[in-house]
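Reader: Could you show me the structure and help me work through how its helices and chains pack?

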Amino acid sequence: MSNHDSHEEHCEHKGPHVVSLGLLATVLIVLLGLTGLTVVTGKMDLHGFDLAVAMLIATVKASIVCLIFMHLYWDRKFNGMIFLFAVMLLGLFLAFGVLDLGQYQANVDAYRADQIQP
Amino acid sequence: MIFPASNALQRTNYLNAQKGWWSWFWTIDHKRLGLMYLWGVFAMFAFGGFFAMMIRWNLATPDTNIWDPELIPAATALAKMDAYNRMFTVHGAVMIFLVIIPGIPAALGNFVLPIMLGAKDVAFPRLNRFSFHLWILGAICFILTFTVGGLDTGWTFYPTYSTGSAGKAVIFATLGTFILGFSSIFTGLNFVVTIHKLRPPGMIWFKMPLFLWAIYATAVLQILATPVIGISMLLLLVEYTMQIGIFTPELGGDPVFFQHLFWFYSHPAVYIMILPAMGVMSELIGTFSRKPIFGYKSIAMSSLAIAVISFIVWGHHMFLSGQSPLMSTIFSFLTFAVAIPSAIKVFNWVCTLYKGSISFATPMLYALSIIWLFGVGGLTGLFLSTMGVDIHLHDTYFVVAHFHFVMVGSAIFAFIGGIYYWMPKMYGRMASEKLGRITWALNFIGFNLTFLPQFVAGTKGMPRRYFDYDPEFAVYNWWSSIGAAFILVGMVLTLIAVIQAITRGRPAPANPWGGVTLEWMTESPPPEHNFEGDPPEVGDPYDVSLVEYKNELDGFVPAKPMASDPNMYDYRASLKAGVAHTNLHP
Amino acid sequence: MTATAHAHHGPAHLQHHFETSEQQFDSAKLGLWVFLLTEVLFFSALFVAYTSYRSLHPEVFAYASNYLDTNLGAANTAVLLLSSFTVAWGVRNAQLGQRKLLIMNLIITLLCAATFMGIKYKEYSHKYHEGLLWGGAEHSIFKHNQFMILDAVKEHSHAWNEGVPEAGVAAVKDLSNDQRRDVSIFFAIYFCLTGLHGIHVLAGMVLLTLILIKVLRRKITPEYYTPVDLGALYWHLVDLVWIFLFPLLYLIR
């Protein structure tokens with residue numbers, strides 16, 4: 001874990017990072033716990049924050065998987081940047097798409113209301 | 001025939017090292033794959049070009065049509081119109097997905113990129129072969145559309161037509177596009193990793209040839225945008241076959257959503273087509289002006305800027321699709337922004353020409369004509385990005401002329417210029433200059449004659465994609481069809497020139513044009529692993545003083561031993577010593 | 001072929017165009033991360049569809065989600081998390097040369113994947129029998145514009161007649177035509193998202209099986225374990241997608 005932030009500095013290649021079994025098992029337990037938590041919170045009334053809480057828990061779970069299971073914490077920073085970039089682009093796509101697709105919904109609803117209901 | 005000392009035609013080179021068709025089909029050599037892409041693209045270009053000529057024939061005058069009832073009595077008026085719809089659809093789809101998108105990156109890029117890097121191959125040679133095979137499969141899918149009645153949705157596949165009443169050809173076409181998308185993704189992935197990990201000693205990012213910058217920016221676009229067309233095509237396929245409902249209003253879906261998905265890819269795809277052409281331009285202008293390229297860093301950075309901005313402009317295709325005015329305003333503004341990096345490139349090319357010692361070899365003629373053609377194509381793009389003007393010009397021949405100026409006038413011309421430029425390297429032989437100049441003139445005159453009148457017809461309101469038109473547009477269409485005939489002759493002669501060069505051309509020296517990038521430092525054609533021994537050391541890719549003309553070779557040779565820089569970091573030696581190279585492999 | 005014809009120095013796994021094993025490993029890893037990026041964007045379109053429709057019709061999504069079995073979804077989440085753990089452990093085994101443990105972990109991962117697909121099959125077949133399908137499917141109870149031909153299906157469908165008793169959700173027959181049409185979009189997105197994810201699970205199983213064969217043929221050593229590492233990364237992505245799908249589809253109130 002010592003060399004995660006200093007690729008530029010050390011010239012000796014240390015070889016791949018081996019994650020300890022204890023850490024992997026801890027991560028599994030935390031992930032299962034968070035799954036339980038999200039099921040519980042999913043059944044509670046959180047006054048409009050349901051989706052936010054569910055997404056927060058999912059993001060925490062995903063980050064743990066990325067950092068520990070996928071070795072991003074010890075890997076070259078560029079690989080992590082690539083992945084982060086994908087998520088950012090997804091966000092951009094989501095934002096533009098949702099921003100637009102909602103805009104003309106009133107017209108669709110008005111059109112539907114005019115249709116004769118069988 | 002006198003062979004220059006450095007010509008490798010008589011020795012073992014990549015062309016003759018392995019024999020038999022299997023050694024080509026199953027090769028992992030990027031040079032052979034590049035050549036096979038090249039010939040595949042030629043074939044598809046002829047295929048798509050045939051339909052272009054049929055379209056222009058049909059439109060030559062208001063009353064001509066090639067499906068004259070006297071010639072084909074059975075053809076009803078409706079059948080003829082359907083045939084026309086299929087022709088422009090196949091023309092568009094084949095030219096975009098099978099010709100322009102793979103044209104420069106997959107054919108020229110595959111051949112040149114590893115040699116420019118001084119590498120033996122791309123990072124994943126087998127993946128490279130796989131993408132080529134996928135390309136063939138995609139091409140077959142498109143050809144198969146004819147067996148089920150032909151595709152007539154336009155290359156954009158808009159629902160609800162494509163998911164409803166269009167024929168079974170939609171299945172093959174979407175499948176073909178999906179497969180070609182993955183071919184494109186894998187090519188892009190390969191190039192990104194190759195540029196990151198296989199750069200040679202001393203080639204820092206800002207010593208990379210500009211062609212590589214352009215290919216890198218293209219590859220980034222291919223990787224980021226193409227998956228979205230993949231999923232859109234997949235969704236369209238399930239929509240068509242299983243009525244899943246996401247795009248169909250009767251089932252609660254939203255057809256505009258498809259347009260968002262489609263243009264999220266297909267707008268960046270426009271830059272997948274033009275960026276490599278800009279890269280070729282930078283190489284050609286630099287080499288034939290015999291002068292270091294002007295504004296290296298701004299050309300390199302503008303490639304990346306175009307790649308980034310191209311992701312947030314897709315809505316300008318949808319001004320009239322029911323998209324909200326808010327989004328249209330944002331997209332219109334962002335579209336203006338993309339003109340800035342494009343203009344930066346053009347200014348830099350022009351500044352490179354200034355006081356240069358310009359040689360009007362065939363590749364350079366193409367490059368110079370692109371400055372005009374891209375200028376017209378780019379500036380008319382600004383008309384279309386202005387929302388108010390676009391409402392008038394939308395779906396008229398103005399749009400047709402605009403994108404042909406960019407895609408054909410710039411991308412295809414750069415492709416042909418690039419073929420002439422790298423032909424000596426590919427086949428070890430020179431193309432005929434005389435024939436080259438004649439064909440260039442035919443192509444250039446024919447192109448302007450075809451598409452300049454279409455701007456006028458478009459501003460007067462002639463709609464695109466129609467089988468017939470009002471008599472008031474007759475004059476423009478007549479000249480347009482005459483121009484198309486010029487292009488036909490020009491392109492056929494270009495093909496003849498290429499074949500003549502390959503079979504009977506003068507053996508080429510290693511560096512016939514005076515290029516300084518690494519591909520000119522090896523033999524023509526290169527050996528199987530690109531360089532005999534270690535590749536030459538890397539200098540400034542545009543320092544023309546590094547090569548000098550040798551009369552007896554009719555080519556250029558290194559002016560001085562390039563290993564003169566004592567500060568040059570000995571990368572290979574240190575690699576062998578197990579040193580990490582984070583400065584070279586960020 | 002070309003690669004073998006060229007005499008190269010260095011270990012057997014080193015391909016001819018790389019200088020060192022490290023360079024080759026880094027390239028492969030970078031390539032795979034770029035591929036994962038394309039996978040994220042591949043799913044992106046469906047996430048945009050999901051977000052758009054949910055923001056337009058939140059009540060419809062809350063209603064339709066009741067018809068998904070949260071317990072089965074949670075079970076599948078647990079199974080995938082476990083498989084992620086075993087495959088991550090497998091990478092550790094490969095790095096340390098613990099061949100037997102590696103084989104065991106790969107087999108457990110494959111079993112988990114099969115379990116996931118089994119549970120998925122159970123869910124799908126239940127949905128099929130209930131007619132809880134997308135709008136255009138033959139047996140769909142949402143085929144609102146073809147009322148006549150579907151009566152037979154409707155009578156046999158619990159969802160059509162009774163709703164979900166434990167949640168007290170109205171039966172589909174009590175919805176208006178517009179509402180039914182919107183609910184059918186939820187199921188369209190559900191089947192697209194889980195279907196695409198399921199295809200990725202199957203692809204991952206094929207990949208892991210190929211890697212297992214490599215391990216059994218003793219091609220994997222602590223010096224060259226790239227396939228295991230890459231396969232594991234891909235498998236984690238499959239897990240990552242599911243981590244988001246589970247709350248988005250099953251846990252809507």
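Reader: At what angle do α4 and α5 of chain C pack, and are they roughly parallel or antiparallel?
Author: In this predicted model, local features need pLDDT of at least 70 and side-chain atom pairs 80 or more, while totals for chains, interfaces and linings use all residues. Residues count from 1 along each chain as its sequence is written, with chains lettered from A and ligands numbered from 1 in written order. Helices here are DSSP runs of H or I with at least four residues, numbered from the N terminus, and axes are lines fitted to C-alpha atoms over the stretch in contact, with angles from 0 to 180 degrees between N-to-C directions. α4(C) (70-96) and α5(C) (99-130) have axes 8 Å apart and an angle of about 160 degrees; over 145 counts as roughly antiparallel, so the pair is roughly antiparallel.

Reader: Which helix of chain B gives the most to the side that touches chain C?
Author: Residues are in contact if their C-beta atoms, placed from the backbone, lie within 7 Å, and here 38 residues come from chain B and 35 from chain C. On the chain B side, the elements giving two or more residues are α5, α6, α7 and α15. With nine residues, the top giver is α6(B).

Reader: What covers the buried residues of α2 in chain A?
Author: Buried means 20 or more other C-beta atoms within 10 Å of a residue's own. In α2(A) (50-69), the buried residues include A:A54, A:I57 and A:F69. Their cover includes α1 and α3 of chain A, together with α4 and α9 of chain C.

Terms used
Parallel < 35°, antiparallel > 145°, perpendicular 65-115°, else oblique. Contact = placed C-beta atoms within 7 Å. Expected span 1.5 Å × (residues − 1). Buried ≥ 20, exposed ≤ 12 C-beta atoms within 10 Å, placed from the backbone.
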